[in-house]
Amino acid sequence: MKTTGADLLAAGLRAHGVTRTFGIPGTHNLPMFDSLGRNGIVNITTRHEQGAGYAADGYARVSGQPGVAITTTGPAVLNIAAAVGQACSDSVPVLVVSPGLPLRHPALPSGFLHEMRGSQRLAMAQVAALSHRVSSVAEIGVAVARAFTHFRQGRPGPAYIEIPADLLDADLFDTDFLDAGHHSCAPAAWIPIAAETGPAQPSPAAVARAAGLLHSAATAAIVLGGGARAAAAECLELAERLGAPVVTTANGKGIVAETHPLSVGVALQSPAVQRWLAERDVVLAIGTELAESDFWRPPTRLGRTLIRIDIDPDQMYAADVALVANARVGVRQLLDQLLPDSREEGAEVRAEVRALLDARDAPNRERDSRWVPYLRALRQLLAANAVITSDSAMCCYYGALPHLPLGPEGRLLHPTGFGTLGFAVPAAIGALAADPDRQVLALSGDGGLQFTIQELGTAADLGRPLPIVVFDNSGYGEIRAEMAERGQDQRPADLRTPDLAAISRAYGGHGYTAATPADLAAAVRDALGRPGPSVVVIPE
Ligand SMILES: Cc1ncc(C[n+]2csc(CCOP(=O)(O)OP(=O)(O)O)c2C)c(N)n1
Ligand SMILES: [Mg+2]
């Protein structure tokens, strides 16, 4: 019986637990669709490859398993590149697999269908953490296992595998192919499986030093990024034992419940909170880059002494004490070394946290009053474990990030860092695919929604309730504000906004307009009971 390259891809994905993919069929990837389908891997067909990429990202963030996207060659690969860049800056395990030009393709451009001037692999290497073009049928299984090894060790990030189109239908045992030098780099028909490696252990000396510093610090604070998510219980215990306030980045949102008396919430972007952090004796930063996109300005020094726990040694350049470990192992080892009665969280610290929250919010109270009542209405009606997907819109980064409190059971999936637009709806589709029992709601601006509005069709196919709340200011509002600040013509940021509710209905979904928070609550409650997408427009 013939075992093709496409069969090896499907077998390799199955062996690593993949049950679904997001993608679009095209002439060159049809053998993939055939083999994946025959191996029981279900594809969700999106309306654009960028949508497939964001859906794979949302799927990975919610399921904790890599999200897989399948595209065809050339333009399809470039279409998904923005989503791969986003997954890279948010450390999300996304695997993109596409065909490439055939092995026997001439080196000079020949006008082959979907041919790119340069290498697809190199194009994707600019945005992915790992990018590889296989050169034999047997190497396909190896490439898949390598990608999953990468996902399971170290800092997660997206991987890209290019499979020359002629290998997809080629037989693993085809002697012509083998004779031409395309022999295997692995035993025939072997599907290697990525090993489950034990977590990296931090240096005991660094753990002891960090514990000593935290123990003797008069003032300490904890900063949590997305890398701390798997250590939510440990981080809470550490904060309570130290009596230390907890500040998070966007990706760290809710790891310690934002209603906890020690939580300052998503606050690393606040200048007042940055100044306060700078003056702590010790700051412990866990699973965060401490990047410009976390500070919303060039990063400043945190604490007189900065301790970092991170799986990625490349993050340690500014640390006084570096624990290279996953957050769970690092925090657990710190807890083991701290005296059990280290500190009590007292009334004084609670008052300090309240003052910090006020200092974070006071300068923007007027601006944020636009979104806060609506977000309050959403908080009241959504389940604690709801998934909210977010976009590069003001209602998300000024609104939901600071003003929609979450606990560790909830999620807000925000496109940080790369700061793409059009993330919310396809990421919500991925979240729905990952967990059919969880409420999912997308939050977007009118501009961002129109980047991937065609995915309303994919949401309709899925047939699960998906409220999409859109703050419609007929334009790229943030950019309009920046243009105004610079004193320049703002018209390039104006948009003719179509009837978004009608577009949702045209795709087989539903549409609402909400002029008040009460209208929004009624519409979202309704939408959560109806299959398919429901666009709820809040006009400005
Ligand atoms: C792919 C991409 N293109 C352009 C931008 C620049 N940009 C940042 S915010 C923004 C406006 C988004 O408009 P909308 O979604 O309506 O949100 P609003 O700013 O109005 O709240 C733009 C164009 C971007 N972040 N990403
Ligand atoms: Mg807008």
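Me: Which residue has a backbone N or O atom 3.0 Å from an oxygen atom of ligand 1?
Reply: This is a predicted model. A polar contact needs a pair of N or O atoms within 3.5 Å. The pair here is a backbone N or O atom and a ligand oxygen, 3.0 Å apart. The residue is Met 394.

Me: Which residue has a polar side-chain atom 2.9 Å from an oxygen atom of ligand 1?
Reply: Here the protein atom belongs to a side chain. The residue with that atom is Asp 446.

Me: How far is a backbone N or O atom of Gly 477 from an oxygen atom of ligand 1?
Reply: Gly 477 is listed among the closest residues around ligand 1. Its contact uses a backbone N or O atom. The distance to the ligand oxygen is 2.8 Å.

Me: What percentage of the accessible area of ligand 1 does the protein cover?
Reply: On its own, ligand 1 has 580 Å² of accessible area.

Me: Which elements give two or more residues to the shell around ligand 1?
Reply: The shell holds 16 residues. Two helices pass the mark of two or more residues, one spanning 446-449 and the other 477-486. They are H19 and H21.

Me: Is Phe 451 buried, partly exposed or exposed?
Reply: Phe 451 sits in the loop between H19 and H20. With Tyr 476 and Ile 479, Phe 451 makes a nonpolar surface patch of about 260 Å². Buried means under 20% relative accessible area, and exposed means over 50%. Phe 451 has 41%, so the class is partly exposed.

Key. Residues numbered from 1 in each chain as written. Chains lettered and ligands numbered in written order. Predicted model: local features only at pLDDT ≥ 70, side-chain atom pairs only at ≥ 80, totals over all residues. Heavy atoms only, no water. Near = heavy atom within 4 Å. Polar contact = N/O pair within 3.5 Å; in protein donor to acceptor, adjacent residues only side chain to side chain. Areas by Shrake-Rupley, 256 points an atom, 1.4 Å probe, with all protein chains shown as cover. Helix = DSSP H or I, 4+ residues; strand = E, 2+ residues; numbered from the N terminus. Patch = residues over 30% accessible without salt bridge, like charges linked within 9 Å, V, L, I, M, F, W, Y side chains within 5 Å. Salt bridge = Lys/Arg side-chain N within 4 Å of Asp/Glu carboxyl O. Buried < 20%, exposed > 50% of the residue type's maximum accessible area, 1.4 Å probe, protein only.
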